[in-house]
Amino acid sequence: MDTKAPFQHSGKNIAQLMQTLLLALLPGICASLWFFGYGILLNILIAGFFALAAETAMLRLRGKKIALHLADRSALVCAALFAIGIPPGAPWWLVALGIIFAIVVVKHLYGGLGQNPFNPAMCGYAMLLLAFPLQMTSWHLPNEVVEGVLSVDNLGIPIASTEQEILSPLSGRGFKQALLLSFPFAASSDFDMKAFTDGLAMATPLIEFKMAGQSALLAARDSGASLFSRESETAWEVINIGYLFGGLLLLYKRIISWHIPLTIIATVLIVSALFYAPGSASIYGTPYLHLFGSATMIGAFFIATDPVSAATTRPGKVVYGIIIGLSIYSIRVWGSYLDSIAFAVLFGNFCAPALDQFCRPRIFGQGLLRATKLTETNHESTKP
Amino acid sequence: MSPLQRIQSMLGVGTSLSSRRTAGGIKPPSYKEHSLRSRIMPMPIPPQLKIPVGATESGTIALDIAAGDHVHKYQKLAQLQLSAQGRTSIPVHAPTSGIVSAIEEAYVADHSQQKQVCIVLKTDGLDTSLPLEPAVDYRQLASEELVTAIRRAGIVGMGGAGFPAADKIDSAAHQALDLLIINAAECEPYISADEALIRERAEGVVTGAEILQRASSARRCIIAIESSKPNAIQALEQAIEAQTNITGNCELLLVPSKYPVGSEKQLIQSVSGIEIPSGQHPAQHGVLVHNVGTSYAVFQALVLGRPCISRITTLSGQALKTPKNFEALIGCSVEFLFEICGIDKSLRHKTLLGGSLMGLQLPSDNAAVSKTTNCLIAAGSDELAPPTEIQACIRCGFCADACPVRLLPQQLLAFSKTANNSQLLEHGLMDCIECGACDYVCPSHIPLVSIYKDSKAAIETRLTNHERSKVWQQRFQYHQSRIKKEKDQAPTRTKAVPAKKPAAESEVSASNNGNEQEFFSKEKASREIAAAVARVKARRDESKKAASVQDKSK
């Protein structure tokens, strides 16, 4: 293609885009790391490893250039987005199964990069959620994290405590415990696994809100927890703010357009504000809780904006964002699943091809009535 | 323009003009500064010129000279009679004096990529010229006279289209022309010919604009230039001010510096807000666009009486020691120009004609400079070498954001792959202006424009085939209806001779009816032919007699 115009290129490539995307994930990942310990990092590493392995195998099977296509880093992005959604402390096989399903079935069996109609990471997540609901909804944490924060879990059952001192989840012991949670087979026989796994089943504040009413959450808030204390509600706030910053970086770098994230956030905000009844013990939750108490930010900026499976026209993107925003709220409040990003995005993916076909920008010079009228008046004005 | 006016222009308030927003666009590095370092250079007379007249397919060529003739500078050599419109023609003049050694077909540095008839001129280096006959005063000439003068000077669209300037004016002659835009928005990278021209010869450009305005009887005349060219803007401002003191009323408008703002319809929208509908000409909407180069050539023709024998051509690229703009004589070879710029052929990777985004690769240096050769690039090895590793489309939509026509290149790509022609047409493939902005931003390095060009060509051949088959179908249907008609008429004819056949036999012989009818009609036809031949003979004899009578009377 060297011989045909244009001969000049911006120098952008897919690998750069993907790398910036990974970079933009960092603030959120760091916040998760700070609050919940090494679990998320282990998930990302396990997912990354299996993603690359699955990608290599599939490229080989499909007879593609392995080095060229591995270098685009799309598998790593998929792995990172997938791993972020998996509860820390999930066993390794859960992560591996999900990401292999995502890469092999959802991505490559549909024709590889750019061909998959559905978001691979979210398909992997949804598959796991349907197949392993228990593992996918318990957020196991090293119990050092737990000790200092809550003395009871959200069902009011006292937590079995083995350690009395409060330690950082980033300590060496925390790391060891996270490792053992991910790779349970590595534990020595005399080691008490129960101590960890019973540590805490803590999901997002929104889920706590939905499942256990307002008690735990309000209790935490009333206790005057500060933003950076390692406490469950504020943790999710900070993590969401982290992803929000990452998303703004993507917007600034023009890797994503504002249409999808803005419409998702606006829709969630408006709908949750409409249904919110202050003071009542309703199940709807505050708009703030909907935006920052769960995975809304990462969903809006990182997952719904996956260009391959999203709507690609600008008006289409707006409608796509509204559909996802409504789905997020609907599944959260009236659905039976704990969080809703995966299903909402997949639902958006279903609509995307139709949106691309029917929501198109007006082509320059086509479908014009105004311009011809304008010139007619111009002609009239010149006649006298 | 004062700073205040400039702010007003940006805000769209006040008396001064403001540009309107256009869709898409990119801002590639322009590399114009290399060729703008020095002034426009007059070129030495090359030993040989190959002056292109035109391709034989595009019209009839009428030569005024023959091989072996000695010609003077400015002498008219030939003209191309365009077959499309019988009355229009493009004359060609001698850029210098010398002897016509041959008239042959050769490659020309323009976008046609086909051989053209060229007049080979062996120059004598004396540069003896015919006396120039400047127009009396262009202000006293009627618009038709101006157009005739422009046509006689052989001026074509210098921006690259090469359409005769006089014809363009004529095409709008029957309507009230609201706006004449002089296109100084030379937005494609590398090309700096227009900018150099404006910097150094702004008065000529502005005078040419005034002449064009008079010739096309336009109500307003706006010179549109990108805001990123301060020197040229200043020169134009001064020239316009000087001219306004006399007669003219040209205005200056700054348009945003993005590619492709200089594309005709995009520029019209940027300047006037008018969006020319797809498939229509600007003239239909009271707007006309001429290039600044054309404007300057018109100035030369009307004020100096000098026909179009040279043009400003940018020479650029890393393989050249001194990239610059030349006042290139029409017909000099690309190689000659490169040599004066100190080309290092070992460094050169490829040669481009035109800019880096819409240009094409020149197969050889022997091509002759034509009236539309605006830029020649001798690109180095790491220059203008877009990445060749093509990856899959990830539908990122950067291309759609860059498209000045608001197309969806990512969708067009998918439909092109499956040759889904109805969707391609639905998605506006034919409105693609092939500017290359989508290609430029594509992170997967997909050669979108060449894919679209192929799809367009495929659709066009399909459409022509379809048209052709339609014609054949119509003919076939006509043929069938005629046969049917004859069949329907046949019984009446056989009934005309009913007595010969008994009623009982008529049913049996019905199947033979056709054959009989054919037999009859054949006989009848041969009779008719004989009669016709006789009639023609008679007529010929008569006309011969008449001719001889005329001859005698003379």
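How far apart do the C-alpha centres of domain 1 of chain B and domain 2 of chain B lie?

## Domains of chain B

The C-alpha centres of these two domains of chain B lie 34 Å apart. The model is predicted. Domain 1 of chain B is made of two segments, 1–28 and 134–305. Domain 2 of chain B covers 393–489. The two domains touch, with 11 residues from domain 1 of chain B and 11 residues from domain 2 of chain B in the contact. On the side of domain 1 of chain B that touches domain 2 of chain B, five residues are nonpolar and six are polar. No charged residues occur on that side of domain 1.

## The two chains in outline

Chain B holds 15 helices and 19 strands. Chain A has 19 helices and zero strands. Chain B runs to 554 residues, of which 48% count as buried. Chain A has 384 residues, and 48% of them count as buried.

In chain B, take the contacts between residues at least 6 apart in sequence: 73% of them join residues at least 24 apart. In chain A, residues 24 or more positions apart make up 74% of the contacts with a separation of 6 or more.

## Where the chains meet

The contact between the chains takes 54 residues from chain B and 42 residues from chain A. Four elements of chain B each supply at least two residues of the side that touches chain A: β17 (360–361), α10 (409–417), α12 (437–441) and α13 (448–496). The largest share of that side, three residues, comes from α12(B). By class, the side of chain B that touches chain A divides into 29 nonpolar, 16 polar and nine charged residues.

## A buried strand, β10(B)

Strand β10 of chain B spans residues 179–183. Leu179(B), Ile181(B) and Asn183(B) point one way from the strand. Leu180(B) and Ile182(B) point the other way. Residues on both faces are buried.

β10(B) has parallel partners. With strand β11 (residues 220–226) of chain B, β10(B) pairs in the parallel sense over five bridges. Here Asn183(B) stands opposite Ala224(B). Strand β13 (residues 287–291) of chain B also runs parallel to β10(B), joined by five bridges. In that pairing, Leu180(B) has Leu288(B) as its bridge partner.

β10(B), α4(B) and β11(B) make a right-handed β-α-β unit.

## Antiparallel pairings in chain B

Three strands of chain B form an open sheet in the order β3-β5-β6, with antiparallel pairing. Its edge strands are β3 (59–63) and β6 (89–93) of chain B, each pairing on one side only. Neighbouring strands of this sheet are turned by 20° against each other on average, direction ignored. β3(B) pairs with β5 (residues 76–82) of chain B over five bridges. Within this pairing, the bridge partner of Thr60(B) is Gln81(B).

Further antiparallel pairings involve strand β7 (residues 98–106) of chain B. Two bridges join β7(B) to strand β4 (residues 70–71) of chain B. His70(B) has Ile99(B) as its bridge partner there. Eight bridges join β7(B) to strand β9 (residues 116–123) of chain B. In this pairing, Glu104(B) is partnered by Cys118(B).

## A covered helix in chain A

Helix α16 of chain A covers residues 296–303. Eight of its eight residues are buried, and the helix is mostly covered. The buried residues include Thr296(A), Met297(A), Ile298(A) and Gly299(A). Ala300(A), Phe301(A), Phe302(A) and Ile303(A) are buried as well.

## An exposed loop residue, Thr388(B)

Thr388(B) lies in the loop between β19 (375–380) and α9 (398–402) of chain B. Is Thr388(B) buried or exposed? Thr388(B) counts as exposed, because it has 9 C-beta neighbours inside 10 Å. The cut-off for exposure is 12 or fewer. Thr388(B) and Ser444(B) are 56 residues apart along the chain. Their C-alpha atoms are separated by 9.6 Å.

Conventions: Residues numbered from 1 in each chain as written. Chains lettered and ligands numbered in written order. Predicted model: local features only at pLDDT ≥ 70, side-chain atom pairs only at ≥ 80, totals over all residues. Pairing = 2+ DSSP bridges. Axes fitted to C-alpha atoms, helices over the stretch in contact; angles between N-to-C directions. Buried ≥ 20, exposed ≤ 12 C-beta atoms within 10 Å, placed from the backbone. Contact = placed C-beta atoms within 7 Å. Domains from an automatic or database assignment. Nonpolar A, V, L, I, M, F, W, Y, C, P; charged D, E, K, R; others polar. Right-handed = clockwise from strand over helix to strand, strands pointing away.
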